Amino acid sequence: MDQELQNISRSLVWWKPPEDVDLSYLVRRTMELGTPEMLATVRQRFGEPFLREALITAEPGNFSEPSWNYWHVVFNIRPTPPLPRRVVPDSPHVSAEIRRAASRPASAVAEAG
């Protein structure tokens, strides 16, 4: 990872040293939260196919709904699939309220809270 990517990593994945950050995660984080300059750097270094693959392999919580929709339009992936969601297993230790919250989009949970 060159100095410019390390700087992006320090800004967007501040809780990990740059050498411990998965490049696909860094790309997804930049697609979600990066400045236009950061995004230009990532696009130039990795190319559109890598960004597309990072989107397709996204994990729950990597993208907000608006960003998810935007990038699917950019890469002409139609129809836009649902956002990846965390699965809360059935357990007597998980309340019905938590299961309901886990089944809603993150934006709906934030608005309800």
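**Exercise 1.** How many Å apart are the mean positions of the positive and negative charges of the chain?

*Solution.* Start with the counting rule: Lys and Arg are positive, Asp and Glu negative, while His and the chain ends are not counted. Each charge is placed at NZ of Lys, CZ of Arg, CG of Asp or CD of Glu. This gives 13 positive and 14 negative charges, whose mean positions are 5 Å apart.

The model is predicted: local features need pLDDT of at least 70, side-chain atom pairs count only at pLDDT 80 or more, and totals for chains, interfaces and linings use all residues. Residues are numbered from 1 along each chain as its sequence is written, and side-chain values use heavy atoms, with hydrogens and water left out.

**Exercise 2.** State which residues of helix α4 are buried, and on which side they lie.

*Solution.* Helices are DSSP runs (H or I, at least four residues), numbered from the N terminus. Buried means under 20% relative accessible area, exposed over 50%, and partly exposed in between (1.4 Å probe, protein chains only). In α4, residues 48-56, the buried residues are Leu51, Ala54 and Leu55. They lie on the same side of α4 because they cover an arc of only 100 degrees around the axis, taken from the directions from the helix axis to the C-beta atoms. Their cover includes α2 (23-33), α3 (36-46) and α5 (65-74).

**Exercise 3.** Classify Tyr70 as buried, partly exposed or exposed.

*Solution.* Tyr70 lies in helix α5. Its relative accessible area is 47%, so Tyr70 is partly exposed.

Conventions. Helices (H or I, at least four residues) and strands (E, at least two) are DSSP runs, numbered from the N terminus. Contact means heavy atoms within 4.5 Å.
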